[in-house]
Amino acid sequence: MESKYKKILITGASSGIGRQMALDYGRGGASLWLLARSEQKLHELAEEIRSAGGQSHILVCDATLEPVLLGALQFAQASSGGFDLVIANAGWGGKMKYPGENNIIVLNQIVDLNLKAATQTLEFFAKFMVEAGHGHLVGITSVAGFRGLPGGAAYSATKAGLITYLESLRFSLQSFGVKVTDIRPGFIRTPMTDQNKVPMPFLMDVEPASAKIIRAIERGRKRFSFPWQMAVFVHLLKALPDFMYDWLAAKSFGDIAASGRKGKSEANTSN
Ligand SMILES: NC(=O)c1ccc[n+]([C@@H]2O[C@H](COP(=O)([O-])OP(=O)(O)OC[C@H]3O[C@@H](n4cnc5c(N)ncnc54)[C@H](OP(=O)(O)O)[C@@H]3O)[C@@H](O)[C@H]2O)c1
């Protein structure tokens, strides 16, 4: 599908949702800047995009290292001449256990990636887009940001924080002609969810998920929660009184509520 966006930066492009969006935008003829830590995977993706007729540039970078991230973003801004679309997608589900030895390490990694790196990326490009008088900033949050998930304290908190940040940012930037979109996926089949032991209702494959995200971005949606069944479900969950939510969480998540979320991204497993 041809996109109205011609120059696009995606963080967390080496796997899952970010990778699929990069492929889809690349096939549509956009020029892409792809950021992640896994150099080999980025090269393979860039090759796939090239074979499909697209163009891409890779940015090998650990987004949790602020000077390294800002250096990579500065390089991308200078070499691209400015982006029409920036998607802050990189994120980690983390694994926290109680009692646990590494919870603070995991917590810091989740906060540094899901909240700090995402907001730093968006803030970095907001300045250039405001000066240019156009552009579109997108954050990939989660329905997990609607309520605290059992075993996912840090993950839910960072996604809730990013949801609120995106809403505020939208108000700040709209008079400058810069759009802001908050994408809130439910469960999508990616390396992050592959090892989940918790129930994953309405699990969706990454290809239709990417197509839905791209459609929402193209339409300039302010926020988009999907799949729709999950969106309805989490809005109901949000409205539930605490005693009912606690009962449902214990029933659905069982001992995960005590022992932690199991999802993990390949390179973060050492935690
Ligand atoms: N899958 C789901 O069900 C689901 C649901 C709701 C929201 N989300 C959100 O969607 C986004 C993408 O998730 P996904 O499911 O596609 O996960 P994924 O397949 O694990 O991909 C995560 C991406 O983030 C990158 N990343 C991780 N740590 C990084 C770091 N320190 N610096 C730079 N890049 C880093 C990874 O690349 P490297 O390892 O190469 O760095 C990878 O490209 C995340 O924000 C996630 O929270 C996912």
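How many residues does helix 8 (residues 228-239) have, and how far does helix 8 reach from its first C-alpha to its last? Helix 8 has 12 residues and reaches 17 Å, close to the 16 Å expected at 1.5 Å a residue; the expected span is 1.5 Å times one less than the number of residues.

The model is predicted: local features need pLDDT of at least 70, side-chain atom pairs count only at pLDDT 80 or more, and totals for chains, interfaces and linings use all residues. Residues are numbered from 1 along each chain as its sequence is written.

**View A. Helices 8 and 9.** Helix 8 is hardly covered, with one buried residue among its 12. A residue is buried if 20 or more other C-beta atoms lie within 10 Å of its own, exposed if 12 or fewer, and partly exposed in between, with C-beta atoms placed from the backbone. Helix 9 (residues 242-253) also has 12 residues and spans 16 Å, close to the 16 Å expected. Its count of buried residues is zero. Helices (H or I, at least four residues) and strands (E, at least two) are DSSP runs, numbered from the N terminus.

View B. Seven strands with parallel pairing follow the order 3-2-1-4-5-6-7; two strands pair if DSSP finds at least two bridges between them. At the edges lie strand 3 (55-60) and strand 7 (223-226), each pairing on one side only. From one strand to the next the twist averages 15 degrees. Axes are lines fitted to C-alpha atoms, for helices over the stretch in contact, and angles run from 0 to 180 degrees between N-to-C directions.

View C. Strand 1 (residues 7-11) is joined to strand 2 (residues 31-36) by five parallel bridges; lysine 7 has serine 31 as its bridge partner in strand 2. Helix 1 (residues 16-27) packs on the sheet and touches strands 1, 2, 3, 4 and 5, its direction making about 165 degrees with that of strand 1. Helix 5 (residues 153-173) touches strand 5 and strand 6, at about 160 degrees to strand 6.

**View D. The ligand shell.** The ligand is surrounded by 32 residues, the closest being Gly12, Gly16, Arg37, Ser38 and Gly91; a residue is near if its C-beta atom, placed from the backbone, lies within 6 Å. Helix 1 and helix 6 (191-194) each give two or more residues to this shell.

**View E. Alanine 46.** Alanine 46 lies in helix 2 (residues 39-51) and counts as buried because it has 20 C-beta neighbours inside 10 Å. Leaving aside neighbours within four places in sequence, alanine 46 is in contact (C-beta atoms, placed from the backbone, within 7 Å) with Leu34, Ser56 and Ile58.

Methods
Contact = placed C-beta atoms within 7 Å.
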